[in-house]
Amino acid sequence: MNRLFGSGSKAPKPTLNSAISNIDGGIAKLDVQIARINTELRELTGKMNRMPPSGKAFAKKRARDLLTQRRKYEQQREQQQQQVWNMEQAQMMQDNLKGVMATVDAMKTTSKELKKQYGKVDIDKIERLQDEMADLMDVGNEIQESLSRAYDLPDDVDEEELDAELEMLGAEMEMEAQQSIGAGEVPDFLKDEVPDFVDEPVEQGKVQEAAR
């Protein structure tokens, strides 16, 4: 059967890149032909100015033929350039589509992972934990307030009584000081007045006179 109908071609299918490369090769060949015609036209134009009238007619006909060929090559070149442009746009769209598909696949994978992770989270349990934490914070605040409470004096304390008590304490301290002087002891406020360099003890009578 393969001998009669032939076997299927195993050649790789053409791609946009290969098609663009082929057309670019054709454009390069057209550029060579156009450059050759331009060179011949310049040479022919230069010779026409020095030709006799009989030879100038033949040169003019040749120049017209060259111009006609150049126009055809330029038209082909423009058409092939447009084809390349179209294929480049198609290739750009294809590349963009590949990027979009890759992004979509990544989003699908991420979505599956998020669903899997969120499925393990118990919202009710989190809410209960939040409530417990709030209650503990309230208890802690109450404890802090209780520990920082000031022990104020009773409201029924009379300031005049306090002043009177202070006066009594002052009188008692003054009386104790006088009794100490009468008993022959040096009062505390005079002990610092005795110089350290005095070798002889101070007589008690002089101390009493100094105190007076």
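# Salt bridges and a buried glutamine

Modeller: Asp 65 is partly exposed, with a relative accessible area of 33%, and this value, like the others here, comes from a predicted model.

Biologist: With which residue does the side chain of Asp 65 meet in a salt bridge?

Modeller: The two partners are four residues apart in helix H3, and so are separated by about one helical turn. The side chains meet at 3.5 Å, N to O, and the partner is Lys 61.

Biologist: Is Glu 40 buried, exposed or partly exposed?

Modeller: A residue counts as buried under 20% relative accessible area and as exposed over 50%, with partly exposed in between. The relative accessibility of Glu 40 is 23%, so Glu 40 counts as partly exposed.

Biologist: How many residues apart in sequence are the parts that the pair of Glu 40 and Arg 62 ties together?

Modeller: The side chains of Glu 40 and Arg 62 meet in a salt bridge at 2.9 Å, N to O. Glu 40 lies in helix H2, which covers residues 16-48, whereas Arg 62 lies in helix H3, so the pair ties together parts whose separation in sequence is 22 residues.

Biologist: Which residue is linked with Glu 40 and Arg 62 in a network of salt bridges?

Modeller: Side chains of opposite charge can pair when their charged atoms come close. Arg 62 itself counts as partly exposed, at 31% relative accessibility. The residue linked with Glu 40 and Arg 62 in the network is Arg 36.

Biologist: What is the N to O distance in the salt bridge between Glu 74 and Arg 70?

Modeller: Glu 74 and Arg 70 are four residues apart in helix H3, and are therefore separated by about one helical turn. Glu 74 is partly exposed, with a relative accessible area of 33%, and Arg 70 is partly exposed as well, with 25%. A salt bridge requires the nitrogen and the carboxyl oxygen to be within 4 Å, and in this pair the N to O distance is 3.9 Å.

Biologist: With the side chain of which residue does the side chain of Gln 91 make a polar contact?

Modeller: Gln 91 has its place in helix H3, residues 53-118, and counts as buried because its relative accessibility is 19%. Leaving aside neighbours within four places in sequence, Gln 91 is in contact with Leu 16, Asn 17 and Ile 20. The polar contact has a distance of 2.2 Å, and the side chain that Gln 91 meets there is that of Asn 17.

Terms used. Residues numbered from 1 in each chain as written. Predicted model: local features only at pLDDT ≥ 70, side-chain atom pairs only at ≥ 80, totals over all residues. Heavy atoms only, no water. Helix = DSSP H or I, 4+ residues; strand = E, 2+ residues; numbered from the N terminus. Buried < 20%, exposed > 50% of the residue type's maximum accessible area, 1.4 Å probe, protein only. Polar contact = N/O pair within 3.5 Å; in protein donor to acceptor, adjacent residues only side chain to side chain. Contact = heavy atoms within 4.5 Å.
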